[in-house]
Amino acid sequence: CVQQTVLDLTALGYEVHIVGDGVSSQRALDRSIALQRVQAAGAVVTTAESLLFELLRSKDHPAFKSVSKIAKDFAEAVAALGEERLV
């Protein structure tokens, strides 16, 4: 379970980052509570799109346009499915 691993790592003093839209649970409430718990324990919760652009650091990065297209295509796919289906 991702939640338990994150809680264990933060207890050991690691700085943990978790991609919130990269994890799921059987129920939306369980996912929401788990993300709140890991954040309260000190983990940084972000999104895949935010992480991608943070890694690029600047719009001047050579991969910026291709990553932007991937992010846009992903957002459109999520919207088409309905975000609640990705829980």
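Biologist: How are helix 1 and helix 2 oriented to each other, roughly parallel or roughly antiparallel?

Modeller: Please keep in mind that this is a predicted model. Two packed helices are described by the angle between their axes and by the distance between those axes. Here the axes of helix 1 (residues 2-11) and helix 2 (residues 28-40) come within 9 Å and cross at roughly 5°. An angle under 35 degrees counts as roughly parallel, and helix 1 and helix 2 are therefore roughly parallel to each other.

Biologist: Which residues make the contact of helix 1 with helix 2?

Modeller: Helix 1 contributes Q3, V6 and L7, while helix 2 contributes A34, R37 and V38.

Biologist: Which residues of helix 1 are buried, and what do they pack against?

Modeller: An α-helix has 3.6 residues a turn, so residues three or four places apart point the same way. In helix 1 the buried residues are Q3, V6, L7 and T10. They cover an arc of only 100° around the axis, which puts them on the same side of helix 1. The buried residues of helix 1 pack against strand 1 (17-19) and helix 2.

Biologist: Let us take one of them. What does T10 touch, leaving aside residues up to four places away in sequence?

Modeller: T10, which lies in helix 1, touches V16, A41, G42 and A43 when those sequence neighbours are not counted. Burial means a relative accessible area under 20%; T10 has a value of 16% and is therefore buried.

Biologist: How far apart are the C-alpha atoms of C1 and V23?

Modeller: The C-alpha atoms of C1 and V23 are separated by 9.9 Å, and the two residues are 22 residues apart along the chain. C1 is found in the segment before helix 1 and counts as exposed, at 74% relative accessibility.

Biologist: How many helices and strands are there in the protein chain, and what pattern does it follow along the sequence?

Modeller: The protein chain has 4 helices and 2 strands, and along the sequence they follow the pattern α-β-α-β-α-α. The C-alpha trace spans about 40 × 30 × 15 Å along its principal axes. Of the 87 residues in the chain, 21% are buried. Among contacts with a separation of 6 or more, residues 24 or more positions apart account for 54%.

Biologist: How are helix 3 and helix 4 oriented to each other, roughly parallel or roughly antiparallel?

Modeller: The axes of helix 3 (48-56) and helix 4 (64-81) come within 10 Å and cross at roughly 175°. An angle over 145 degrees counts as roughly antiparallel, and helix 3 and helix 4 are therefore roughly antiparallel to each other. The contact is made by E49, L52, F53 and L56 of helix 3 with F64, V67, S68 and A71 of helix 4. Its residues divide into 6 nonpolar, 1 polar and 1 charged.

Biologist: Is E54 buried or exposed?

Modeller: E54 lies in helix 3 and, at 54% relative accessibility, counts as exposed. E54 and A79 are 25 residues apart in sequence and 23 Å apart in space, from C-alpha to C-alpha.

Conventions:
Residues numbered from 1 in each chain as written. Predicted model: local features only at pLDDT ≥ 70, side-chain atom pairs only at ≥ 80, totals over all residues. Heavy atoms only, no water. Axes fitted to C-alpha atoms, helices over the stretch in contact; angles between N-to-C directions. Parallel < 35°, antiparallel > 145°, perpendicular 65-115°, else oblique. Contact = heavy atoms within 4.5 Å. Buried < 20%, exposed > 50% of the residue type's maximum accessible area, 1.4 Å probe, protein only. Arc of directions from axis to C-beta. Nonpolar A, V, L, I, M, F, W, Y, C, P; charged D, E, K, R; others polar.
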